[in-house]
Amino acid sequence: MKPIKKRLLTPGPTMVPERVLEALSRPTLYHRSPEFKEVFLETRELLSKVMRTEGEVLILTSSGTGAMEAAVSNLFQPGDSAIVVVGGKFGQRWEELCRVYSINPIVINVEWGRAVDIEDVERALKENPDVKGVLVQICETSTGTIHDVRGIGELLKNYPDVLLVADGITAYGVYDIPTDEWGIDVAVTGSQKALMTPPGLAVITLSKRAVERIKPRNYYFDLKKEIKQQNKGQTAYTTATNLVVALNEALKMIVEEGLENVAKRHKVLAEATREGVKALGLELLSSNPANGVTAVRCPEGINGQEIVRVAREKYGVTIAGGQEHLKGKIFRLSHMGYVDQFDVLTGLEVTEFALKELGYEGFKFGDSVRAAMEVFYKNGV
Ligand SMILES: *Cc1c(COP(=O)(O)O)cnc(C)c1O
């Protein structure tokens, strides 16, 4: 039986709700029109609410990496040092960005799948009294691991000159994160992950002391110019107006569901996924697994890329493989954004089909689904 539906279970882009698709299909607005100005300012307010910050919130027209680049290129100067937590593909991206902008990265290497040890951050701070920032992921998507950014923020209360820069691209919209309370000076996120909008927009928030630190070194991502423009309901250059209208709708959905409920939903979806794969005799990659995406170690002798291929070609379900040295070794099931219990069950069923087809014998059909259903039932879903 050939599948007649395509299902997207990757950690970005993610599935887009019908309401958001409808918003996306509205006629394009002129980016200098009063109608757009109204939507734009409201979208920034909604972002402040969802990201729980009273700092500046800027919408950038780029993928998430653009906001990462904006952070690095506006807040640090050549010769500055910054502590960088590297526990996966996206930690590496911080490091690479630092090098491109002549910032000296003091790298804390973390085994992929583990969370950074706060004591290592503390040691790096003590050994390098001149550092200007700590760059970290809240969720390292490549390994499905959550870092203790709250703990790092706590630590940094004793270091008033060190900015905490957190990549929350697969954390905002999955967890209820009090950005200001945690001491996050700069948070970045993107439209295409838990914010349930197609790819193309990035968001960056800036605390007061981060704003004071801005010295742009990049023409397009000049945050000084953006702050000035965006506070008037404008952007420096043409933004993706349709995407802003779509993001506005998606953020309204998040606010309507309630941040706490959104976080609780993701917690249950993640727990069900974890219990499901464990019931197949498989292991999680992460010792501190995140609620947005689950990275699973492949059974002995089975290539993760094959699981991904079978899922897509035969069942119409797109899941993700591993990156870099984890390629072939893991596969990743996303459960962030517009996801409910039936999407999780679908992801597990497809995993079972693919594993069976590839010759893995360690389970009986339905094992993962039953374990996940138990979690849902226990949680009153
Ligand atoms: C997706 C993602 C990014 C940004 O990637 P883009 O492809 O540029 O949108 C950055 N960090 C993390 C943790 C991500 O998951």
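Q: How many residue pairs are in polar contact between domain 1 and domain 2?
A: The count is 13 residue pairs, both residues at pLDDT 80 or more. Each pair is called a polar contact because an N or O atom of one residue lies within 3.5 Å of an N or O atom of the other, one able to donate a hydrogen and the other to accept it; residues adjacent in sequence count only if both atoms are side-chain atoms.

Q: Which elements give two or more residues to the side of domain 1 that touches domain 2?
A: They are α10 (259–278), β11 (293–297) and β14 (330–334); helices (H or I, at least four residues) and strands (E, at least two) are DSSP runs, numbered from the N terminus. With 7 residues, α10 gives the most to that side of domain 1.

The model is predicted: local features need pLDDT of at least 70, side-chain atom pairs count only at pLDDT 80 or more, and totals for chains, interfaces and linings use all residues. Residues are numbered from 1 along each chain as its sequence is written, and side-chain values use heavy atoms, with hydrogens and water left out.

Q: What makes up domain 1 and domain 2?
A: Domain 1 covers 7–14 + 259–378, and domain 2 covers 18–257; the bounds come from an automatic or database domain assignment. Their centres, taken over C-alpha atoms, are 27 Å apart. The contact (heavy atoms within 4.5 Å) takes 30 residues from domain 1 and 29 residues from domain 2.

Q: How much area do domain 1 and domain 2 bury between them?
A: About 2,600 Å², with 58% of it on carbon and sulfur atoms. Buried area is the accessible area (1.4 Å probe) lost on putting two parts together, summed over both. Leu259, Gln323 and Tyr338 lose the most area in domain 1, together 23% of what that side buries.

Q: Why is the pair Lys89 and Glu324 called a salt bridge?
A: The rule asks for a side-chain nitrogen of Lys or Arg within 4 Å of a carboxyl oxygen of Asp or Glu. The closest N and O atoms of Lys89 and Glu324 are 2.9 Å apart, so the pair qualifies. Between domain 1 and domain 2 the count is 2 salt bridges.

Q: What makes Tyr220 and Tyr237 a stacked pair?
A: Rings of Phe, Tyr and Trp (its six-membered ring) pair if their centres lie within 6.5 Å; planes under 30 degrees apart count as stacked, over 60 as edge-to-face and the rest as tilted. Tyr220 and Tyr237 are 5.5 Å centre to centre with 20° between the planes, so they are stacked. Tyr220 lies in the loop between α7 (208–213) and α8 (223–230) and Tyr237 in the loop between α8 and α9 (241–257), so the pair ties together parts 17 residues apart in sequence.
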